Amino acid sequence: MVRLGVDVHGIWLGARAGTLVQRGDEPPIAMEHGFVQLIPRDRWWAAIFNGPGHHIPIYIDITTVPEWVRPDLVEMVDLDLDVVRREDGRVYVDDEDEFEEHRISLGYDARTVDTARGTAARLVLAVEAEQPPFDGTAAAWLAELEQA
């Protein structure tokens, strides 16, 4: 990903169509569409904003607080819960079953569980209300990606 810039919401990264992405040990896949990712400061999430026409314009991973360990490397733990806005405007929390499974098998402490669930609930409300940065802010960063 390329670093696009910083604003009041955090650090914006971008990936063009064709960028290879990989989850854990899974084989890498080439992305069909470009996207931007917002890494906020001191928040338990990271958001992906897809360009127009994508069936999921907003996808938010609930994570531990992202930590920049080097200027070119950010680390966070994905806690499975996701907040999704579909193209039809529907907003929901996804993968609650995976979160529950990992809560038990990985022994998440009560603070992690409460923070993850509370963060997801607050994000659903923020996305539904189109509060910044879920108000179209990403459009300028998607345009920036095309120019980068």
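Start at the second largest pocket, which has a volume of about 360 Å³, where a pocket is an open set of points on a 1 Å grid over the protein atoms alone, a 1.4 Å probe fits, and protein lies on both sides within 12 Å along at least five of seven lines. The volume is the space filled by probe spheres set on the points, which are joined across faces, edges and corners. Select P40, R43, W45, L123 and F134, which are the closest to its centre of the 18 residues that line this second largest pocket, a lining residue being one with an atom within 4 Å of a point.

Before going on, note that this is a predicted model, in which local features need pLDDT of at least 70 and side-chain atom pairs count only at pLDDT 80 or more, while totals for chains, interfaces and linings use all residues. Residues are numbered from 1 along each chain as its sequence is written, and side-chain values use heavy atoms, with hydrogens and water left out.

Now select helix α2, residues 110–128, which gives the most to the lining of the second largest pocket, with five residues; helices here are DSSP runs of H or I with at least four residues, strands are runs of E with at least two, and both are numbered from the N terminus.

Next, select W12, W45, F49, F134 and W141, which form one aromatic cluster. Rings of Phe, Tyr and Trp (its six-membered ring) pair if their centres lie within 6.5 Å, and planes under 30 degrees apart count as stacked, over 60 as edge-to-face and the rest as tilted. By this rule there are five aromatic pairs. In one of them, the ring centres of W12 and F49 are 5.5 Å apart and the planes stand at 40°, so the pair is tilted. This pair links distant parts of the chain, since W12 belongs to strand β2 and F49 to strand β6 (residues 45–50), 37 residues apart. W12 is buried, with a relative accessible area of 0%, and F49 is buried too, at 3%, where buried means under 20% relative accessible area, exposed over 50% and partly exposed in between (1.4 Å probe, protein chains only).
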